[in-house]
Amino acid sequence: MAEDMNRKGPEHVAIILDGNGRWAKKRHLPRTAGHAAGSANVEKICRDAWDLGIKYLTLYAFSTENWKRPDSEVKALMSLLGRYLDDCMAKCNKNNMKVTIIGDRTGLSDNLQDQIRRLEEMSRDNTGLHLMIALNYGGRDDIRRAVVEIAEEVKKGALDPEEITEDTISERLDTAGVPDPDLMIRTSGEMRLSNYLIWQLSYSEFYFTDVLWPDFSKKDLAEAIDYYKNRDRRFGGVK
Ligand code: IPE
Ligand code: IPE
Ligand code: MG
């Protein structure tokens, strides 16, 4: 049995950072205080992830569905994101961290789009942790945008429909060039995907914990990695 196990740690971990609101509620604080605590935890977990041997970390920060929240909460989240991106610009080169954003950035403010452009540009050659932040991201929207691109190429005659492979699609997703996540973690006890990376997670191991995101620590991340190491990944085959 033991030789069937993974032993190797995950190269790419995707996290649904959930539970900021409940963290705040428990403390009789406004939901936005939970988001501030959650945002502070992101920087810490990036360091921990690199220490624990993770190469790619993808964090779900704002979904295409999160626009349904009250205006005041959306505003607070966007302003925290802006602050986080500023902070990242100040520190990414020192930390050798590469940062890219996935999701439909055209739906974000001009100011955020400008910050994203600058951050991606200044960190592009860094060789440490590759952090991907999912912002205005939806798995279905990711696929929809890829389909539009493919349809346009077919219309121009640049692509033959007969030649469309799974790679044709993968290469047009926001995560192009990055290996699929090995491990997906969701905090706060919810067991659903909420439209996260639905194509890319098709063979990932899933780990759920009741810990709320602002409390999620290096120890919790190490536990998730241990869980992963004990999984037997068969990818449909026989071992
Ligand atoms: C996750 O925390 C952060 C975002 C979705 C932006 P929530 O805000 O969803 O927290 P809960 O689920 O209400 O506790
Ligand atoms: C998923 O969390 C989105 C992010 C973490 C950004 P939600 O809290 O929005 O998901 P649901 O509404 O519980 O499915
Ligand atoms: Mg939630």
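Which residue stands opposite phenylalanine 206 in E6? Select methionine 184 and you have found the residue opposite phenylalanine 206.

Before you click on, some ground rules. This is a predicted model, where local features need pLDDT of at least 70, side-chain atom pairs count only at pLDDT 80 or more, and totals for chains, interfaces and linings use all residues. Residues are numbered from 1 along each chain as its sequence is written, chains are lettered from A and ligands numbered from 1 in the order in which they are written, and side-chain values use heavy atoms, with hydrogens and water left out.

**Stop one: the sheet.** Switch to cartoon view and look for an open sheet of six strands with parallel pairing, in the order E3-E4-E2-E1-E5-E6. Strands (E, at least two residues) and helices (H or I, at least four) are DSSP runs, numbered from the N terminus. Two strands pair if DSSP finds at least two bridges between them. Now colour strand E3 (98-102) and strand E6 (205-208): these are the edge strands, and each pairs on one side only. E6 pairs with E5 in the parallel sense, over four bridges.

**Stop two: a helix on the sheet.** Select residues 31-51, which make up helix H2. H2 packs on the sheet and touches strand E1 (12-16), E2 and E4. The direction of H2 makes about 160° with that of E2; axes are lines fitted to C-alpha atoms, for helices over the stretch in contact, and angles run from 0 to 180 degrees between N-to-C directions.

**Stop three: aromatic rings.** Show tyrosine 60 and tyrosine 137, an edge-to-face pair with 6.2 Å centre to centre and 80° between the planes. Rings of Phe, Tyr and Trp (its six-membered ring) pair if their centres lie within 6.5 Å; planes under 30 degrees apart are stacked, over 60 edge-to-face, and the rest tilted. Tyrosine 60 lies in strand E2 (residues 56-63) and tyrosine 137 in strand E4 (residues 130-137), so the pair ties together parts that are 77 residues apart in sequence. Both tyrosine 60 and tyrosine 137 are buried (under 20% relative accessible area; exposed is over 50%, partly exposed in between, with a 1.4 Å probe and protein chains only).

**Last stop: arginine 172.** Find arginine 172 in the loop between helix H6 (166-170) and strand E5 (183-186). Is arginine 172 buried or exposed? At 18% relative accessibility, arginine 172 counts as buried. Leaving aside neighbours within four places in sequence, its contacts (heavy atoms within 4.5 Å) are Ala146, Glu149, Ile150 and Glu153.
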